[in-house]
Each structure stands twice: as C-alpha cells, then as structure tokens.
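Here is a briefing on one protein model. Keep the sequence and the 3D view open as you read.

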Amino acid sequence: MEFIGASMNGRGSNEEPMPGVSKPAPAVSEPVPPGPVGVLKELGQTAVPAGEPDIFCMTIIGQIEGHFVLPPHNKTTKYEHIIPQLVAAEQNKAIKGLLIILNTVGGDVEAGLAIAEMIASLSKPTVTVVIGGGHSIGVPIAVASTYSIIAESATMTIHPIRMNGLVIGVPQTFEYMERMQERMVKFVTSHSRISETQFKDLMFKTGELNRDIGTAVGGADAVKYGLMDEVGGIGAALAHLNRMIASAAPQPMADKLAQGGLPQ
C-alpha cells in the first residue's frame, strides 16, 4: 500500500484528499456581521448612537450598599463602584456634564452621604433626575447636583435615620444617631432651598407613613418645599444640562476679538 502525504493523521502539509472525499474547511471564527442583526446579538439593542457623547449618564438604583454586603436577591448600588466612576468622569476632558438618574429606596447612611459629597464636589455641571423614588438617604443624593428634577409621579420619603442590628441602650448611642442625623439635615438644607425647620417638620411628622414617622413627598410638593428645582423628566434634564454646558464652555477667540479684542 502506498501512502500519499507525510502521514495518515492529517498533520502533513502535502496531504491530498482521498478520491470521493471532500477535504473539510478549516475552522475560522466568523466576525459578527455588521448591521442591526449583529448589534442586536452583541449589544441587545437595534441601533447604536453615533459619535462620542459629552454627557456621562450614571444610575443609582435599588438599595445603596455600604460597608456590609446585602443579600444577593437585593437590587443594590455599591458605593465603591460609584466613587471611581465619578472620579473618572471628573478627569475625562471629553465629558462636559453628568446626568444622574435616581430610583432608590435608600440604604447605608454614610455610603449615601459619601456619594452625595462626591457629586457636590464635582467641577462639571450635574443634573439629577428622580424617577420612581428617591427615598431616605436618596434625598441628599438628589439635591447634591447643580440642578435637580423630579418626575411628577415620583416620591421622596423623609424620615429620621434608623439603625439595624445590635443597639446598646446608652446615651452615647442616641447622641451618635443624633449627630449623624444632623449631618444629613445640614447637607440637604445647604444644597437645596428648603429650610431646616421645614425639613425637620417633614422628618418628624407622624400619622402619614405606615410603620414610621416621616413624610412621603410627591413631585410637585418637593418643588413647593424647595427640595427639588423642577418637575420634569429626561428631556428637561438634558436640555438644562446642555444649557449649563454651553454657558460653562470657554468663549472662542474669534468671539472675543469681535467683542472688542482681548484685555490688555
């Protein structure tokens, strides 16, 4: 018997197929086809926006997770994920403004205040949109931006801070809770138009909530009290953010010369 090629195991480079047997084609990874089918398969959407956006969109949803990991069935926002994103958005020169979409039930007080302080300290224009709810520690996050908008059907629950787990019944425990509550009150009143007296009246109101003292404030009432700036949605938020970006943009040299030249 005469062998054709270098070997019978298919490793020879000069191997010829036997008569009547077609040689299998080499396995090649096919690229994703361009167009709607490939985009739908890879990204789950039918179209991709063209160009690089200059607005960074961040979502804060579910329960804000702090120093303790919540159960896996909870929808959470981890503050250790949000803080690096805010730092990256601040450093990125291509990003001109931030749109923060908020729908949260609250969560860890210190983690929420950390996120709120980060948003308030950004040098770029920021707009917060509350859709669904911005409850509990979500209130400081909602008012931390440059401009805050709330949907008409959204609500914001204002109530005193609560503590989970072991509570030691000593005066120091209650003093600690009072100091932490004052931190939240001062942050909200300093970043919104609501007075401290009005905010505490809403916080300690009884008979409205089912299991707690506090107040559930709707969209129009949040604007009336001075917590939020406007009732609206995504369109109004983007329009206001674009106006702030345009006003913060440096004036072109040609416009400066047309207005009378450069200052000496």
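A contact means heavy atoms within 4.5 Å. The model is predicted, so local features need pLDDT of at least 70 and side-chain atom pairs count only at pLDDT 80 or more, while totals for chains, interfaces and linings use all residues. Residues are numbered from 1 along each chain as its sequence is written, and side-chain values use heavy atoms, with hydrogens and water left out.

**Overview**

- The protein has nine helices and eight strands. These are DSSP runs numbered from the N terminus: helices are H or I with at least four residues, strands are E with at least two.
- Of its 264 residues, 34% count as buried. Buried means under 20% relative accessible area, exposed means over 50%, and partly exposed is in between (1.4 Å probe, protein chains only).
- Take the contacts between residues at least 6 apart in sequence: 65% of them join residues at least 24 apart.

**Helix α5**

- Helix α5 (171-190) has 20 residues and reaches 28 Å from first C-alpha to last. That is close to the expected 28 Å, which is 1.5 Å times one less than the number of residues.
- Its buried residues include Met-177, Met-184, Phe-187 and Val-188.
- The buried residues of α5 pack against α3, α4 and α6.

**Nonpolar cores**

- A nonpolar core is a set of buried Ala, Val, Leu, Ile, Met, Phe, Trp, Tyr and Cys residues joined through side-chain atoms within 4.5 Å.
- The largest core has 45 residues. Ile-60, Ile-115 and Phe-199 are among those with the most contacts inside it.
- Elements giving two or more residues to this core include β1 (55-65), α3 (109-120), α5 and α6 (196-203).
- A second, separate core has eleven residues, including Ile-55 and Val-129.
- Ile-60 touches Ile-82, Leu-102, Ile-115 and Ile-141, among others, not counting residues up to four places away in sequence.

**Salt bridges**

- Side chains of opposite charge can pair when their charged atoms come close. A salt bridge is a side-chain nitrogen of Lys or Arg within 4 Å of a carboxyl oxygen of Asp or Glu.
- The whole structure holds seven salt bridges.
- Lys-78 and Glu-65 meet at 2.6 Å, N to O. Lys-78 lies in strand β2 and Glu-65 in strand β1, so the pair ties together parts 13 residues apart in sequence. Lys-78 is partly exposed at 26%, whereas Glu-65 is buried at 3%.
- Lys-200 and Glu-196 meet at 3.2 Å. They sit four residues apart in helix α6, about one helical turn.
- Asp-221 and Lys-224 meet at 3.6 Å. They are three residues apart in helix α7, again about one helical turn. Asp-221 is partly exposed at 34%, and Lys-224 is exposed at 61%.
- Shared partners join Glu-182, Glu-196 and Lys-200 into one network.

**Surface patch**

- Met-163, Val-167 and Tyr-176 make a nonpolar patch of about 240 Å². Patch residues have over 30% relative accessible area and no salt bridge; like charges are joined within 9 Å, nonpolar side chains (Val, Leu, Ile, Met, Phe, Trp, Tyr) within 5 Å.
- Val-167 is found in the loop between β6 and α5. Its relative accessible area is 39%, so Val-167 counts as partly exposed.

How values were computed:
Accessible areas come from the Shrake-Rupley method with a 1.4 Å probe; for residues, only the protein chains shown count as cover.
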